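User: I would like to learn how to read side-chain features in a structure. Please take a case and go through it with me.

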Amino acid sequence: MPAKAADKRRQDVSGPSRGKASKAGKAGSKKRDEDASTEAGDALGDLARALVKSPDQLELTEAELKQEITRTLTADNPQAPQNIVRFSFKEREYKLVDYLDQTAIHFSLNGNLIPKDSDEGRRQSIRSNIEAEKAPDETPAETSEQAEIKDEEQAGDTEAAGEEEGGEEEGAAEEEAEAAEAAEAAEAVEAEEPPPPKAPEKKLPNQFNFIERASTTPFNPLREKGCQTEPIPSLNFSATIHQWDIYDAYVEELQRMEKAKEKEKSKPQAVKKEEEKRGLRKLSHVEVQHVEPITRVAKAAKIAERMVNLNTFDDIAQDFKYFEDASDEFRAQQGTLLPLWNFQYEKTKKLAVTAISWNPKYKDLFAVGYGSYDFMKQGHGMVLLYTLKNPSFPEYIFSSDSGVMCLDFNSEHPHLIAVGFYDGNVAIYNLRKETSQPSYKSSAESGKHSGPVWQNELVHMDVIKLSGEGTMQGPEGLQLQTLGCGTSFDFHKKIDYLFLVGTEEGKIYKCSKSYSSQFLDVFEAHHMAVDTISWNPFHLKVFISCSSDWTVKIWDHTIKTPMFVYDLSCAVGDVAWSPYSSTVFAAVTTDGKAHVFDLNINKHEALCTQLVVTRKKNKTTHIQFNPVFPIITVGDERGLITSLKLSPNLRKMPKEKKGQEVKKGPEVEMAKLEKLLSLVREPEAKAET
């Protein structure tokens, strides 16, 4: 036992010493590891400062590195279908879907997470709380192995207590030595320096400097909203009418009319005479009830009709007011005609346009005469008055038993219009009177013509009329006999007694109201009938004529030879001067074309030749300029009136110079035309003028 106790003590003494040595060795090795890690961290920092490049990276210059490159990323799915069709209940048809879901799912995992607020989540939460409360109260039973180990430990403790009783003194000394060594080791550990902190790892910089970021979100799909209402209730009404019901109704109407007549007879004679003086119409009670409401709403209905037409033809109205053909800048001197409104009445489709005249006061109102130039097919005629504000229906309608050949407004009284008929009569209509009958009409007793009235004019309040018989009649017994059948005439714009007459033989007679039995001069103008003669509105000596011999001629009435002659390669139906320029005029030919000339720009050919009538077997008959607006109206043999707008090249005005005012007025226009005529006059004629 003593020997065993000594060995045990040696082991106990050597054990603490070895433990101390091992602790010191561990402390030294730990210090060496920390020094090595510090050196490795410094080396890693040096590597991080160097620029790390990929072996296949491009070598870019500084300018290329500073360049900003914008990349737009979208969330559109390239595999999404683009032809999905769905039924639209609103439009009752299949429609292509514009907006598609662009979401593409790359990974999907079904988990077992349950929301806490759900019923299942509450049940699991209660169950886990109950199990946590039961855990501290339960102590598990010891196993047989744990019991054996515990018995061995108790036996070893008992033996050690017996051995230690003998050597308590030696053990006390050893414990003191061990405590001193442990204190020294603790002081040495505390004296050691703490390891340096590890340098944070540096992130490599982005070499391409992407700065801007952007993202797109999907558009919200459009939603349709609709509502449905109940239909308005309707009732069906039916009744049976027999012959005796109709008979009773007629009998009641006759009795009521007889009573009205008896009341009329019972009126005193003084009341009847007063009614006749006032010009009151004798209408029955039923007629008054029907007429009064119509007269009340007539004006309002006309205004509403014009508003509807303005909305219907809004695009044409915008072109009429604002459109200017910009392509004229690239056409040099050429121009075009822009079609605007078409005017046609259902009952005049088989009649030809025989006359056109603009109202001198209301610039949007013009009158059209309808008849026939085919003398084997003569019938009824009509006079219609149209306005640019309502192209769908005429403002006034006048019918006649004979075809209309000519018409003209009075300049001082624009509500009066004179009309000449094929049967030789002349009538005057008053637009202020609510009647379709003329205020005056000639007859055989008053000396009507036996042939057609080709042309008439309202000069002041006098009617001058030209008959196909070759005679001209006017006020104060003026009667002029020509050698041929008269076809056209025109009074001078300034000299009221001077006028020209064109005949069927092609001659033009210069006449005066002061001499009723002889002519002032005769011009051998054309080889066929003279269709139109017109004085120039600015120059006092110039007039124009056209004929079926394909020519248009411009004359000076003091010279018997024409100043200008134009061959249009087809019979000329009508010619007209423009109201804004002394050198511009227009003509229409039977091949359906309109020709516009400006002598100041081109003295040899037309600036515009455009087809107006497209149908076959149709001819243009008349043309007129509007007195204010830059439009012309053209009539044809099918009763159609076409309005066309002149392009800027066809109505050029003098250019304004810097610091100078452009002179305008009749004198300037007269001087412009006189300058052109002076170039073509013969020396002898110049000396005479």
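Predicted model: local features only at pLDDT ≥ 70, side-chain atom pairs only at ≥ 80, totals over all residues.

User: How many aromatic pairs does the structure hold?

Analyst: A pair of aromatic rings is described by the distance of the centres and the angle of the planes. Rings of Phe, Tyr and Trp (its six-membered ring) pair if their centres lie within 6.5 Å; planes under 30 degrees apart are stacked, over 60 edge-to-face, the rest tilted. The structure holds 24 such pairs. One of them, Tyr566 with Phe585, is tilted, at 6.0 Å centre to centre and 50 degrees between the planes.

User: Which strands does that pair link?

Analyst: Strands are DSSP runs of E, at least two residues, numbered from the N terminus. Tyr566 is in strand 23 (residues 564–567) and Phe585 in strand 25 (residues 584–589), 19 residues apart.

User: Is Asp490 buried or exposed?

Analyst: Buried means under 20% relative accessible area, exposed over 50%, partly exposed in between (1.4 Å probe, protein chains only). Asp490 has 8%, so Asp490 is buried.

User: What does the side chain of Asp490 contact?

Analyst: A polar contact is a pair of N or O atoms within 3.5 Å; within protein, one must be able to donate a hydrogen and the other to accept it, and residues adjacent in sequence count only if both atoms are side-chain atoms. The Asp490 side chain makes one with the side chain of Lys493 (3.2 Å). A polar atom of the Asp490 side chain also lies 2.8 Å from the backbone nitrogen of Trp535.

Definitions and conventions: Residues numbered from 1 in each chain as written. Heavy atoms only, no water. Helix = DSSP H or I, 4+ residues; strand = E, 2+ residues; numbered from the N terminus.
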